[in-house]
Amino acid sequence: MAIHLHDTLNYLRKLTARRLWNIIKVTASYYYARLSGKPVQWGLPVSIAVEPTTACNLRCPECPSGLRAFTRPTGHLSKDFFRTLLHDIGDDLSVMIFYFQGEPYINPAFLDMVAEASAKGIYTITSTNGHFLDDANARKTIESGLDRLIISIDGTTQDVYEQYRREGSLDTVLDGARNVVAWKRKLNSRTPHIIFQYLVVRPNEHQIDDARRLARAIGVDEIKFKTAQIYDYTHGNPLIPTIEKYSRYRKRHDGRYELKQKPANHCWRLWHAPVVTWDGIVVPCCFDKDARHRLGDIKQVSFRQIWQNPAYRDFRHKILRGRRHIDICQNCTEGVRVWG
């Protein structure tokens with residue numbers, strides 16, 4: 001794996017003594033919980049994902065936002081609401097991810113919130129489909145202090161790209177990426193670290209090498225190839241790649257499909273990386289897309305109280321006893337990987 005020195009140093013520079021101590025406490029409690037089976041948690045989140053909006057302009061086939069399949073309401077995170085969370089845990093928090101479901105740039109206050117988190121020295125990340133990176137937004141993105149910008153491309157020609165990014169325009173995305181690269185140079189900024197994210201599915205797997213060349217030509221800092229989460233995979237799915245290394249699933253002898261990696265009975269995310277929906281519901285992780293496992297509501301009590309409440313302790317205990325009984329864990333490959 002390539003080490004991107006500027007991005008790594010940028011993150012490390014933001015680690016105050018307080019944040020580093022929090023990371024140590026969280027990590028120690030996680031490994032103690034694994035060994036003891038007790039759901040102890042000694043710190044605050046290292047990373048938190050906040051949801052700027054559930055709205056999206058695209059209709060991607062494996063995304064609840066794209067399918068308009070949520071049972072929860074659609075809306076935008078408000079700046080006042082966001083400030084309450086930032087004031088509560090911002091001094092201990094190392095990373096803030098401005099993404100869960102939806103397209104962040106649809107929220108008109110999105111980059112203002114990024115700027116507030118950046119001003120507190122928090123390493124900030126967002127993921128976008130790239131359709132709103134016009135010249136003005138590209139400049140504002142740089143000026144917000146955003147540390148990492150992930151742009152989804154998922155194809156190098158329109159006919160391939162739109163098979164997954166339905167109702168999207170590849171030219172618009174690429175022009176947006178060029179805008180950000182150009183403003184980053186004009187403003188002599190080392191941030192954000194710009195990543196092309198390529199979700200590998202069967203219709204686009206033949207363009208992987210083309211995508212690498214395209215990333216170099218446009219001047220982004222990195223390209224990452226990501227495996228796709230498929231909801232209905234048991235009997236196969238036309239989106240499952242044929243290139244095995246890019247598939248989360250394998251075909252069994254009986255013709256059915258299964259996850260390559262069975263979930264282990266521990267999960268680093270439950271100790272360090274919660275998610276807060278646009279309307280303040282705290283959920284365990286990014287796999288709970290419809291917010292079914294509601295562990296608290298920061299409209300009613302502080303995040304600090306929720307983080308240590310009986311519902312959270314009970315969910316961590318369930319993870320330690322057996323993830324196979326938890327629905328959101330059944331299509332998850334993240335549970336044994338430590339953040340880094």
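Select strand E5 and show its side chains: His 193, Ile 195, Gln 197 and Leu 199 point one way, Ile 194, Phe 196, Tyr 198 and Val 200 point the other way, and all are buried. The model on your screen is a predicted one. E5 covers residues 193-200, and because eight of its eight residues are buried, the strand is largely enclosed by the rest of the structure.

Select residues 148-152, which form strand E4; E4 and E5 run parallel and are joined by five bridges. To see one of the pairings, pick Ile 151, whose bridge partner in E5 is Phe 196.

Next select residues 222-227, strand E6. E5 and E6 also run parallel, with six bridges between them. Here, pick Gln 197 and look for its bridge partner in E6, Lys 224. To follow the chain from E5 to E6, show residues 208-218: the path goes through helix H9, and this β-α-β crossover is right-handed.

Leave the strands and select Gln 41. Gln 41 sits in the loop between helix H2 (17-36) and strand E1 (47-50). Is Gln 41 buried or exposed? Its relative accessibility is 6%, and because buried means under 20%, Gln 41 counts as buried.

Show the polar atoms of the Gln 41 side chain. One polar atom of this side chain lies 2.7 Å from the backbone nitrogen of Gly 43. The backbone oxygen of Trp 271 is 2.8 Å from a polar atom of the Gln 41 side chain. Not counting residues up to four places away in sequence, Gln 41 touches Val 26, Ser 29, Trp 271, Trp 307, Gln 308 and Arg 316.

Move on to Asp 88, in helix H4 (residues 79-89). Asp 88 counts as buried because its relative accessibility is 17%, and the cut-off is under 20%. Which backbone atom does the side chain of Asp 88 reach? The side chain reaches the backbone nitrogen of Phe 303, at 3.0 Å. With neighbours within four places in sequence left aside, Asp 88 is in contact with Ser 302, Phe 303 and Arg 304.

To find the largest cavity, select the residues that line it: Cys 267, Leu 270, Cys 285, Phe 287, Phe 315, Ile 319, Arg 323, Ile 328, Cys 329 and Cys 332.

Terms used
Residues are numbered from 1 along each chain as its sequence is written. This is a predicted model: local features need pLDDT of at least 70, side-chain atom pairs count only at pLDDT 80 or more; totals for chains, interfaces and linings use all residues. Side-chain values use heavy atoms; hydrogens and water are left out. Helices (H or I, at least four residues) and strands (E, at least two) are DSSP runs, numbered from the N terminus. Buried means under 20% relative accessible area, exposed over 50%, partly exposed in between (1.4 Å probe, protein chains only). A polar contact is a pair of N or O atoms within 3.5 Å; within protein, one must be able to donate a hydrogen and the other to accept it, and residues adjacent in sequence count only if both atoms are side-chain atoms. Contact means heavy atoms within 4.5 Å. Two strands pair if DSSP finds at least two bridges between them. A crossover is right-handed if, with the strands pointing away from the viewer, the path from the first strand over the helix to the second runs clockwise. On a 1 Å grid over the protein atoms alone, a cavity is a set of points where a 1.4 Å probe fits but cannot get out, and a pocket is an open set with protein on both sides within 12 Å along at least five of seven lines; lining residues have an atom within 4 Å of a point.
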